[in-house]
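Subject: Structure handover

Hello,

Below is the structure I said I would pass on. My notes on it follow directly after.

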Amino acid sequence: MSVPTRRAPSAGEPSAGPIPPALLPVAPVEPGADPEARLGLRFPEGFGWGAATSAYQIEGAATTDGRGPSVWDTFARTTGRTANGDTGDVAADHYARYAGDLDLIRDLGLQTYRFSISWPRVQPDGRGAINTRGLDFYRRLVDGLHERGISPMATLFHWDTPQALQDGGGWVDRDTAYRFADYASAVFEALGESVPVWLTINEPKTVVQNGYIIGHHAPGIRDEPVAYLVAHHLALAHGLGVQALRATGSASRIGGALNLHPCYAADDDPATLAPVRLYDGYENRLYLDPMFKGYYPEDVLADQGPASPLVQGIKDGDLEIISQPTDILAVQYYTPIYVTTDGGTVQKWPTTVAAWQQVYPQGMYDILTRVTRDYAPPAITVTENGLPCPDEIGMDGSIDDAARVSFLRDHLAEAHRAISDGVPLESYHVWSLMDNFEWEAGYDQRWGLIYVDYATQRRIFKRSANWYRKVISGNSL
């Protein structure tokens with residue numbers, strides 16, 4: 001989840017041509033009065049219903065069984081970086097409570113569960129010796145999923161760069177991409193085809209924008225030119241990770257996980273189309289084009305300039321590695337972006353507890369159809385979609401998160417419409433399975449289907465969880 005940060009284009013910057021139809025403003029979806037009202041929409045047989053988490057946000061056990069520190073351990077323990085000084089040291093204590101959490105996943109009816117593997121838990125220094133105790137945790141987790149009839153989907157990197165690698169330059173250093181490939185190879189060797197779907201890098205854009213431009217995510221750097229070199233090294237790591245899986249001969253599938261923001265013109269001034277196009281270049285095409293087409297968008301490269309770290313950092317053969325054929329694209333949709341003539345942005349729709357998130361369900365349809373039309377991935381999965389709500393335990397012990405039910409229903413309706421129009425969407429994962437450490441917001445934001453009482457680590461199904469269980473059992477809205 002990233003906050004858009006693009007600057008206005010320079011005067012006289014050329015337009016990249018006509019804006020794609022999916023980037024033009026469209027009418028809103030009217031929400032229903034009853035959040036649980038049936039829409040009569042049945043999903044294809046075999047559609048996968050799931051939820052998602054990430055290691056640092058739920059596992060805790062920050063120093064248990066040989067885990068090394070990550071950039072997020074360092075960042076969160078630095079005064080003033082997170083709300084209330086919160087850290088992921090304990091989080092939802094999933095490392096100790098995983099068996100009970102797997103039972104909750106089963107009781108919820110999930111068919112697929114997307115989680116991430118902690119790089120510093122598996123390889124504490126980001127290079128060299130593998131920590132077998134860390135790998136054993138993920139073996140137990142994957143085995144427990146299979147025992148309960150749930151299909152594992154594992155993400156190799158969800159922002160927790162080993163601090164030892166960061167001390168040597170982190171993602172600014174090209175070598176980190178190769179260290180990632182070594183780590184990926186060790187994980188593939190350990191878990192093999194017990195994980196049928198692998199995702200390489202989660203939301204590289206968030207690392208770039210929030211970690212290296214705004215600086216309110218780890219590692220907390222503010223250097224925009226260098227940030228786009230980081231984007232290239234993350235893309236290179238993705239390609240090297242794909243190569244590493246292919247080298248094993250595994251039948252498992254693999255792809256990247258991208259948070260994509262549909263970009264729309266904020267007004268009907270024709271002069272707005274060029275800045276919208278460039279904004280889309282930085283938000284979407286910078287990550288999609290090299291992965292699927294083997295080149296970076298020309299308008300973004302021109303905007304960066306020939307002497308930029310990004311342009312200078314692209315070496316011979318890099319784009320061939322980055323564009324290795326993949327089996328699936330993981331799409332994460334949270335919010336649209338409305339761009340003004342001067343390259344700024346405006347709010348068009350109501351926001352959630354997360355002020356950066358505008359609620360616009362049709363953006364789900366627009367981004368899914370756009371990537372299908374422009375990039376033709378063989379399969380698509382939605383791996384994150386959700387919102388934070390001001391969830392509180394009621395007098396009767398329940399949590400009535402009606403707004404979450406309405407949000408998920410309306411977004412799933414748009415996903416269904418996309419499937420009907422030819423999008424190869426095979427599964428959907430709510431963000432998130434349970435409340436967790438929400439990065440710089442600490443524990444102030446609750447995104448889960450399952451409420452976590454952090455004082456006791458008690459788990460409670462929210463109204464949205466019970467509603468989602470019925471959606472899954474009926475394979476319909």
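Trp-159 is located in the loop between E3 and helix H6 (163-167); helices (H or I, at least four residues) and strands (E, at least two) are DSSP runs, numbered from the N terminus. The phi of Trp-159 is near 85°, a positive value in a residue other than glycine. Trp-159 counts as buried because its relative accessibility is 5%; buried means under 20% relative accessible area, exposed over 50%, and partly exposed in between, with a 1.4 Å probe and protein chains only.

Please keep in mind that this is a predicted model, in which local features need pLDDT of at least 70 and side-chain atom pairs count only at pLDDT 80 or more, while totals for chains, interfaces and linings use all residues. Residues are numbered from 1 along each chain as its sequence is written, and side-chain values use heavy atoms, with hydrogens and water left out.

Aromatic residues

Trp-159 also belongs to one aromatic cluster, together with Tyr-56, Trp-72, Phe-75, Phe-437, Trp-439, Tyr-443 and Tyr-454. Rings of Phe, Tyr and Trp (its six-membered ring) pair if their centres lie within 6.5 Å; planes under 30 degrees apart count as stacked, over 60 as edge-to-face and the rest as tilted. A search of the whole structure gives 35 aromatic pairs. In one of them, Tyr-228 and Tyr-282, the ring centres are 5.2 Å apart and the planes stand at 65°, so the pair is edge-to-face. This pair links distant parts of the chain, with Tyr-228 in helix H9 (residues 224-247) and Tyr-282 in helix H10, 54 residues apart. Both Tyr-228 and Tyr-282 are buried. Phe-437 and Tyr-443 form another edge-to-face pair, at 5.5 Å centre to centre with 70° between the planes, and both of these residues are buried.

Two arginines are placed over tyrosine rings. The charged end of Arg-417 sits over the ring of Tyr-365, 3.6 Å from its centre, and Arg-446 lies over the face of Tyr-451, at 4.0 Å from the ring centre. The criterion is that NZ of Lys or CZ of Arg is within 6 Å of the ring centre and within 35 degrees of the ring normal.

Barrel and sheets

Eight strands close into a barrel in the order E1-E2-E3-E4-E5-E7-E10-E11, with parallel pairing; two strands pair if DSSP finds at least two bridges between them. From one strand to the next, the twist averages 25°; axes are lines fitted to C-alpha atoms, for helices over the stretch in contact, and angles run from 0 to 180 degrees between N-to-C directions. Strand E1 (residues 48-52) runs parallel to strand E11 (residues 425-431), and five bridges join them. Trp-49 stands opposite Tyr-428 in E11. Helix H10 packs on this sheet, touching E5 and strand E7 (329-332), and its direction makes about 165° with that of E5.

A separate open sheet has three strands in the order E6-E8-E9, with mixed pairing. Strand E6 (263-265) and strand E9 (345-346) stand at the edges, each with a single partner strand, so one side of each has no neighbour in the sheet. Strand E8 (residues 337-339) pairs with E9 in the antiparallel sense over two bridges, and Val-339 has Thr-345 in E9 as its bridge partner. Helix H10 (residues 273-293) packs here too, touching E6, E8 and E9, with its direction at about 170° to that of E6.

Strand E12 (residues 450-453) and strand E13 (residues 458-461) pair in the antiparallel sense over four bridges. They form a hairpin with four residues between them, and Gln-457 in the turn has a positive phi of about 65°.

Loops and backbone

Ser-70 lies in the loop between helix H1 (55-58) and helix H2 (71-76) and is buried, with a relative accessible area of 0%. Leaving aside neighbours within four places in sequence, Ser-70 is in contact (heavy atoms within 4.5 Å) with Tyr-56, Pro-120, Asp-160, Thr-161, Pro-162 and Gln-163.

The structure holds zero disulfides (pairs of cysteine sulfur atoms within 2.5 Å).

Regards
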